[in-house]
Each structure stands twice: as C-alpha cells, then as structure tokens.
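User: I have a structure open and would like to go through it. Can you help me read it?
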Amino acid sequence: MPVPAVGALVSLVVALLVGGLAIYISARTVAGVDDYSRAVVTALFGAVAWALVSWIPLFGSVIALVVWIGVLKWRYPGGWLTAATMGVVAWLAALLVLFVVDTVFGLGIGAFGVPGV
C-alpha cells in the first residue's frame with residue numbers, strides 16, 4: 001500500500017474515533033448509555049447515512065441531518081427529541097475535542113460521523 005493511502009487510512013480511523021468519542025459523550029450525557037464501541041459503530045452508520053442522502057440538490061443537507069438524527073434514534077433509547085439533543089451535544093463535543101487535539105498536536109483532523117465538524 002503506497003504511503004499516501006496509509007496516511008488517508010490513518011486519518012479516517014482517527015476521525016472515526018473522534019466522531020465516536022463525540023457520540024459517546026452525548027450518549028452518556030443524554031441517554032445514559034456508556035458504550036464507546038457502540039458510539040464508534042453509530043458514527044460509522046451516521047457517516048454512511050449522511051453520504052447517501054446529502055448529495056440531493058436543495059434539501060440534501062436538511063434530509064441528511066434528519067437521517068443522521070434518525071440513526072441516533074435507532075441506536076439509542078429515547079425518541080426524536082432525545083436523538084436531536086444527542087446530536088447537538090455530539091456536535092459540541094466534537095468541536096471541543098477537535099479544538100484540543102488541534103491545539104495540542106497541531107493536527108488538522110475532522111470528526112467522521114458527526115455532521116459539520
């Protein structure tokens with residue numbers, strides 16, 4: 001495997017773990033679920049769901065956001081309000097984690113599985 005491909009794979013894994021951490025924080029805070037591996041899988045499902053519908057012209061981002069919240073609702077206990085609250089908390093947690101990681105290590109990574117981060 002060429003070196004750029006390895007770097008891309010490492011970046012993807014790190015971004016997925018950061019996205020999983022953000023969802024883990026929101027799940028633990030909002031839904032009372034303490035399971036990091038579940039959060040990482042949820043981040044992966046959420047990223048795939050987002051990718052499948054976000055390309056739709058005009059309303060793709062809105063539809064993708066609803067689908068992403070739907071993934072949170074499917075994977076965790078509670079209704080739509082709980083899932084939407086988890087989404088907001090996950091987004092804020094991802095921003096905080098990425099700020100700290102970028103400040104300490106100078107890495108320009110994202111959070112795979114958390115929209116807009």
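Analyst: Start with Thr42. Leaving out residues up to four places away in sequence, Thr42 touches Ile23, Val71, Leu72, Arg75 and Tyr76. Keep in mind that this is a predicted model.

User: Which helix is Thr42 found in?
Analyst: Thr42 belongs to helix α2.

User: And is Thr42 buried or exposed?
Analyst: Buried, because its relative accessibility is 0% and the cut-off for buried is under 20%.

User: OK, helices now. How do α2 and α3 cross?
Analyst: Helix α2 covers residues 36–53 and helix α3 covers residues 60–75. Their axes come within 9 Å and cross at roughly 155°. Angles over 145 degrees count as roughly antiparallel, so α2 and α3 are roughly antiparallel to each other. The crossing of α2 and α3 is right-handed.

User: What kinds of residues make up the contact of α2 with α3?
Analyst: There are 13 nonpolar, four polar and two charged residues in that contact. On the α2 side they include Phe45, Ala49 and Trp50, and on the α3 side they include Ile63, Leu65 and Trp68.

User: What is Ala111 in contact with?
Analyst: Setting aside neighbours within four places in sequence, Ala111 is in contact with Ala15, Val18, Gly19, Ala94, Leu98 and Val117.

Terms used
Residues numbered from 1 in each chain as written. Predicted model: local features only at pLDDT ≥ 70, side-chain atom pairs only at ≥ 80, totals over all residues. Heavy atoms only, no water. Axes fitted to C-alpha atoms, helices over the stretch in contact; angles between N-to-C directions. Helix = DSSP H or I, 4+ residues; strand = E, 2+ residues; numbered from the N terminus. Parallel < 35°, antiparallel > 145°, perpendicular 65-115°, else oblique. Left-handed = near helix turned anticlockwise from the far one by under 90°. Contact = heavy atoms within 4.5 Å. Nonpolar A, V, L, I, M, F, W, Y, C, P; charged D, E, K, R; others polar. Buried < 20%, exposed > 50% of the residue type's maximum accessible area, 1.4 Å probe, protein only.
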